[in-house]
Amino acid sequence: MKVEFAPLNIPLARRLQTAAVLQWLLSFLLLAQVCLGIIVFLIIRNYWFLYLPYLTWLYFDWQTPEQGGRRSEWVRSWTIWRYFKDYFPIHLIKTWDLDPSHNYIFGFHPHGVLVVGAFGNFCTNYSNFKELFPGFTSYLHVLPYWFRCPFFREYLMSSGPVSVSKKSVSHVLSKEGGGNISVIVLGGAEESLDAHPGKFTLFIRQRKGFVKIALTHGAYLVPVFSFGENELFKQVSNPEGSWLRNVQEKLQKIMGFALPLFHARGIFQYNFGLMPYRKPIHTVVGRPIPVHQTLHPTSEQIEELHQTYMEELRKLFEEHKGKYGIPENEALIFR
C-alpha cells in the first residue's frame, strides 16, 4: 500500500483545525478513562483530602445532568471549537421558522460514528445556531454513562450536553415560556454500527419513546438530517449475522454503548488513522410537526405521530439529498 503523506507546507489554519479535531477526538476516546484513573489513584494513595471533598460534592451534584446540566459560555466559546467546525467544515441549515413560544424535540439523524455534526452545531458557539434560531436554547442529550465518570462529567457538561434519560428530556420540555430544544440522536448506539459511507440506515421504527414524551409535553417534533455524517470514518465490515456484529451487539447490551471499529486518516498521512476525513457536514433542520399536548397518549396516538414523523424525515432527505451529492436512487432505510 502506497502511503500518501500530507505536504509539509500546510497552512497554519489547517494545522490548527487538525489539532482541534485531535483534541476533541482524544477527549472522548481517552479523557474519561484518564479521569477515572485519577480518582482511583487518589483513593489508592489515600489522598483523602483531595478525593473526599470531590466525592462529597459529586454525591449532591449527581442529578445535575438530568436537571439542565451546567453549561459554560466561556467553554463553548473556546477558539478551538471554531477550528473544529472549520476542519470538516460543519454547516447548519434552517428550512422553516420556529415559534419560540413552543418547546421542540429535534430528532437528529444519522448517528454516525461519533455524532460530530450534533456536537459542532449544538454544543459550541461557533455554529450559526443563535442567528438561525434566536431566542432558543438547545440541549444535546447523550448517554448517561458519560456523566458517571468523575471529573470528565464536568468537562462534558460545560459544553452543554445533558443526559438522554426520560427525566432529563422532561426537565427541558417542561420549562415554561418555550424556546427550549431537546436534541436527541434517535438511532442511538445501535445505529452507529451501521454508520458506513454511502449507507442511510436509520434505527427508528422501534424508537417511539420520544413521540410519547412529545405528546405528554406538547413539544413539537422536528426531523433533522445531517448529510455527510456517515462519510467521516470507515468501519471494518460488520454485516448483520457476522461474528463481529454479534460481538458488538452483545457488548452494547452489556455496556450500554457500541464499539464500532472505525478508521480514517492519520495526522501526517491520508491512508490510515483515527482522524476523521475532511468531509463537509450539512445539518438540515426540517419542518416542525405540531403536537397537541396529551397527558396520557394512547398507543394509537403514538403510532400515528410516529408515522407522521417518519414521513417528514423521508421528505426532508428526498428534498435535500441532491444538493449534497447523494444519487437520486438512494433512499432512507428504516429499521
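**Backbone exceptions and nonpolar cores**

Val115 sits in the loop between β2 and α5 (helices are DSSP runs of H or I with at least four residues, strands runs of E with at least two, numbered from the N terminus). The model is predicted: local features need pLDDT of at least 70, side-chain atom pairs count only at pLDDT 80 or more, and totals for chains, interfaces and linings use all residues. Residues are numbered from 1 along each chain as its sequence is written, and side-chain values use heavy atoms, without hydrogens or water.

Most residues other than glycine have a negative phi, and most peptide bonds are trans. Val115 has a positive phi, near 55°. Val115 is buried, at 14% relative accessible area (buried is under 20%, exposed over 50%, partly exposed in between; 1.4 Å probe, protein chains only). Phe151 also has a positive phi, about 70°. Phe151 lies in the loop between β3 (137–142) and α7 (152–158). Its relative accessibility is 27%, or partly exposed.

A cis peptide bond links Phe88 to Pro89, with omega about -5°. Pro89 falls in the loop between α4 (79–87) and β1 (90–94). The bond from His109 to Pro110 is also cis, with omega near -15°. Pro110 belongs to the loop between β2 (104–109) and α5 (116–122).

The largest nonpolar core holds 53 residues; Phe84, Phe88 and Phe106 have the most contacts inside it (a core joins buried Ala, Val, Leu, Ile, Met, Phe, Trp, Tyr and Cys residues through side-chain atoms within 4.5 Å). Helix α1 (residues 12–44) gives the most to this core, six residues. A second, separate core has 30 residues, including Ile204 and Met310.
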